[in-house]
Amino acid sequence: GVLATAGLVGGVLIGLGGLSWQTALLFGAIVAATDPVSVVAVFRKLGAPKRLAVIMEGESLFNDGSALVLFNLLLGIVVAGRFNFAESISEFVKVAVGGLLLGVAVGYLALGLLSRLTDYLTETLVTLIVAYGTFLLAEQLGLSPALAVVVAGLLVGNFAQDKVMSPTSRVAVGLSWELIGFLANSLIFLLVGLEIRAVNFSGLWGITLLGIAATLVSRVVIVGFFSWLNHLIRKETALPISWQVIMVWGGLRGALSLALALSLPVTLASGALFPDRDTLLVMTFGVILFTLLVQGLTVEPLLKKLKLNRLESQQLQLYEELRGRLLVARTLQQEAQARLTAGGGSAEVLEEYQEREAQVSQKLRELRLSNQLLEEEAMRAYRRRLLQLERSTIRDLQIQGIISEEIMRELWAEVDAKLTLLEEPVVETDILAKPDLAARKIIEDNSQA
């Protein structure tokens, strides 16, 4: 997707904008990476399909690194003044794959180190060292720093926080990185403002608007083509058109594109000025402003128009809060029961947690009965868990040699089709007209699951 975006945007700007191939392709690489942080936040607020959020967030994680690798290769070609296709493709693969492998290695080393630490300040410091140390090491080895850091971060973020870190450490690490991310984004926008303050905008409006149009058109082509290709190769149900519309309109550009534009050198090794540097800065800033102010501010009404918002935010938050309190109460009750059975603990404490569970269960039951959409959402979650279990069971059967890989993929396709149908928008009138009494019964009977 990153390579195709750079090629499509570059082709439009060469053919219609009259830019040199170097400038056009560099701009294509700069705007190839998406930054849907604000869009995903809107998804959570409105209760949009989780799978859609995972697709957009996952795409952003990995195309950042790929766009950076491509940008550096193109920048090297512009600076050197020569281009070899086979050599460039080979370098791209080496840098990208090498970065991924380095990230895996550093991530596992960090997990081993974090498992031996108990101080939250030291653990926070280790995550900082992992991020910046991995970046510097990858640069020294000539690999992709961004991809290496992404993979190392995924390992530390998923495994260390769940299995190694204490609750205090998880809070400290989360707050520290939230602050660092906020500062980095703020500084990048400040720096780009300082960079373009002296640029003459006259004559650049037309090419900037063309750049915005090329970016949007390329997004339409990429999302549509790869959705079709995924359906063709994996035999899965095609992504709904409403999802594809949101993926196109929610493909915002942000901090990484600004950082790449800012990293363009002022002069070449020969001493000559870097070609079209001011043009690239203005075009990048224009695309980012458009995606943030136009696309970003209209994603929420578009989600509602496409009926991808399942629940009102306040109801959804209350529902999630009650579910969380219920699970906590049950876990603590089980622990209190186990200690009492073992001859320790206190019957009074156990009764306290049993009473808390009963109160939360009653509130959750009342909320579900007062809102059929919430009850439907609970049923979706239950069915989703069963389908995911079905998928992993099929995989186990293939590993054991009971079914072939071809049969496994056929069965997977059926499960994936059901998972996709679970994400289709719910129409409130249909639910109210035909209340799913069986679903209500299953939810009540399986509340312990």
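In the classification used here, Ala, Val, Leu, Ile, Met, Phe, Trp, Tyr, Cys and Pro count as nonpolar, Asp, Glu, Lys and Arg as charged, and the others, Gly among them, as polar. The structure is a predicted model, in which local features need pLDDT of at least 70 and side-chain atom pairs count only at pLDDT 80 or more, whereas totals for chains, interfaces and linings use all residues. Residues are numbered from 1 along each chain as its sequence is written, and side-chain values use heavy atoms, with hydrogens and water left out.

The protein contains 18 helices and zero strands (DSSP runs numbered from the N terminus: H or I of at least four residues for helices, E of at least two for strands). Of its 449 residues, 41% are buried (under 20% relative accessible area with a 1.4 Å probe, protein chains only; exposed is over 50% and partly exposed in between). Among contacts (heavy atoms within 4.5 Å) with a separation of 6 or more, 79% join residues 24 or more positions apart.

Grid points are joined across faces, edges and corners, and a volume is the space filled by probe spheres set on the points.

The second largest pocket has a volume of about 740 Å³. Its lining comprises 29 residues, of which Ile55, Glu59, Asn230, Leu239 and Met247 are the closest to the centre. Helices H1 (2-15), H4 (50-80), H9 (205-234), H15 (372-399) and H16 (405-422) each give two or more residues to this lining, and H9 supplies the largest share, seven residues. By class, the lining has 11 nonpolar, eight polar and 10 charged residues.

Helix H4 has a kink of about 30° centred on Asn63 (the bend at a residue being the angle between axes fitted to the seven residues ending there and the seven starting there).

Two cavities of 30 Å³ or more were found in the whole structure. The largest cavity has a volume of about 60 Å³, and H9 and helix H12 (277-305) each give two or more residues to its lining. This lining divides into five nonpolar, four polar and two charged residues.

How values were computed
1 Å grid on protein atoms, 1.4 Å probe; cavity = no way out; pocket = protein on both sides within 12 Å on 5 of 7 lines; lining within 4 Å.
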